[in-house]
Every structure is written in C-alpha cells, then in structure tokens.
Amino acid sequence: PPHEPVEWGAEDLARLKDSLPHYEIKGPGKYAICDGQSGLFGKKSRLIRRIYGVTSVPHAAELCDGTPGCTHFSVTVGPDYPLGWEPREGL
C-alpha cells in the first residue's frame, strides 16, 4: 500500500488534494472535533465506524466512500500512529 510522507510539505498536500477532489483535505495538524457535540456518545453518537490499520489518507477516503452515510473522516497515519492512547473523537 502507498505510504504517507514522514514530513508533509506543500507539494505533498497539494498532490493529495488533487487526488481526492470530493473531500476538503485539512491538515496535517488538523483534528476533526465537532464543536458543541461532546455529548454525542452512546445512542446519540454519530460515529458510523472506527477502523484500525488504515495506512494512508486515500485508503481512509476509499473506506468512507464505501460506507453508506459517511460524509467525512479523520485519520492518523505516519510516525505518530499508533498512538499510546485513543482520542475520544476517534481516528
């Protein structure tokens, strides 16, 4: 599978955005935290699924595209993954 750059540069980000035009790519260093939605847990959760082993942003986009109702995703790849802890917001 393709691998993410260890350090992202402007050209890497531009190339990624061009390859996934139907997504608004934000990052690196941006997090998907829905403001004011901290109470959406349990039955109120809108998290469709959590998948481990995602190796790239295009892989995450492919999984989202194949999941009914998926409109966006948050992914952590690269040297920081796996984290020693799991964010409440998901990965």
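Q: Which element is included in what covers the buried residues of H2?
A: That cover includes H1, where cover is read from contact (heavy atoms within 4.5 Å). Buried means under 20% relative accessible area, exposed over 50%, and partly exposed in between (1.4 Å probe, protein chains only). This is a predicted model, in which local features need pLDDT of at least 70 and side-chain atom pairs count only at pLDDT 80 or more, while totals for chains, interfaces and linings use all residues. Residues are numbered from 1 along each chain as its sequence is written, and side-chain values use heavy atoms, with hydrogens and water left out.

Q: How many helices and strands make up the secondary structure of the chain?
A: Helices (H or I, at least four residues) and strands (E, at least two) are DSSP runs, numbered from the N terminus. The chain has two helices and zero strands. Of its 91 residues, 18% count as buried.

Q: Which residues of helix H2 are buried?
A: In H2, which spans residues 57–65, the buried positions are Val-57, Ala-60, Ala-61 and Cys-64. Viewed down the helix axis, these buried residues fall within an arc of 100 degrees, so they line one face of H2. The arc is taken over the directions from the helix axis to the C-beta atoms.

Q: Which residues make up the largest nonpolar core?
A: A nonpolar core is a set of buried Ala, Val, Leu, Ile, Met, Phe, Trp, Tyr and Cys residues joined through side-chain atoms within 4.5 Å. The largest one here has eight residues: Leu-13, Leu-16, Leu-20, Tyr-23, Ile-25, Val-57, Ala-61 and Cys-64. H1 and H2 are the elements that give two or more residues to this core, and the largest share, three residues, comes from H2.

Q: With which residues is Leu-16 in contact, leaving aside its neighbours within four places in sequence?
A: Beyond those neighbours, Leu-16 is in contact with Trp-8, Ile-25, Val-57 and Pro-58. For the chain as a whole, 46% of the contacts with a separation of 6 or more are between residues 24 or more positions apart.

Q: Which side-chain atom reaches towards the backbone nitrogen of His-59 at the start of H2?
A: A polar contact is a pair of N or O atoms within 3.5 Å; within protein, one must be able to donate a hydrogen and the other to accept it, and residues adjacent in sequence count only if both atoms are side-chain atoms. At the start of H2, a side-chain oxygen of Ser-56 comes to within 3.1 Å of the backbone nitrogen of His-59. Ser-56 belongs to the loop between H1 and H2. With a relative accessible area of 2%, Ser-56 is buried.

Q: Which residues form a disulfide?
A: A disulfide is a covalent bond between the sulfur atoms of two cysteines. The test applied is a pair of cysteine sulfur atoms within 2.5 Å, and the count comes to one disulfide. Cys-64 and Cys-70 form it, with their sulfur atoms 2.0 Å apart. The torsion about their S-S bond is about -105 degrees, so this disulfide is left-handed. Cys-64 has a relative accessible area of 3% and is buried, whereas Cys-70, at 24%, is partly exposed.

Q: How many salt bridges are counted?
A: Side chains of opposite charge can pair when their charged atoms come close. The rule requires a side-chain nitrogen of Lys or Arg within 4 Å of a carboxyl oxygen of Asp or Glu, and the count comes to two salt bridges. In one of them, Asp-12 pairs with Arg-15, the closest N and O atoms being 2.9 Å apart. Asp-12 and Arg-15 are separated by about one helical turn because they stand three residues apart in helix H1 (residues 10–19). Arg-15 counts as exposed, at 52% relative accessibility. Lys-26 also forms a salt bridge, with Glu-24, where the closest N and O atoms are 3.7 Å apart. Lys-26 and Glu-24 are both exposed.

Q: Is Thr-67 buried or exposed?
A: Thr-67 is buried, with a relative accessible area of 9%. Thr-67 is located in the segment after H2. Leaving aside neighbours within four places in sequence, Thr-67 is in contact with Ile-48 and Arg-49. Gly-69 is also in the segment after H2, but counts as exposed at 61% relative accessibility. The C-alpha atoms of Gly-69 and Ile-48, which are 21 residues apart along the chain, are separated by 7.9 Å.
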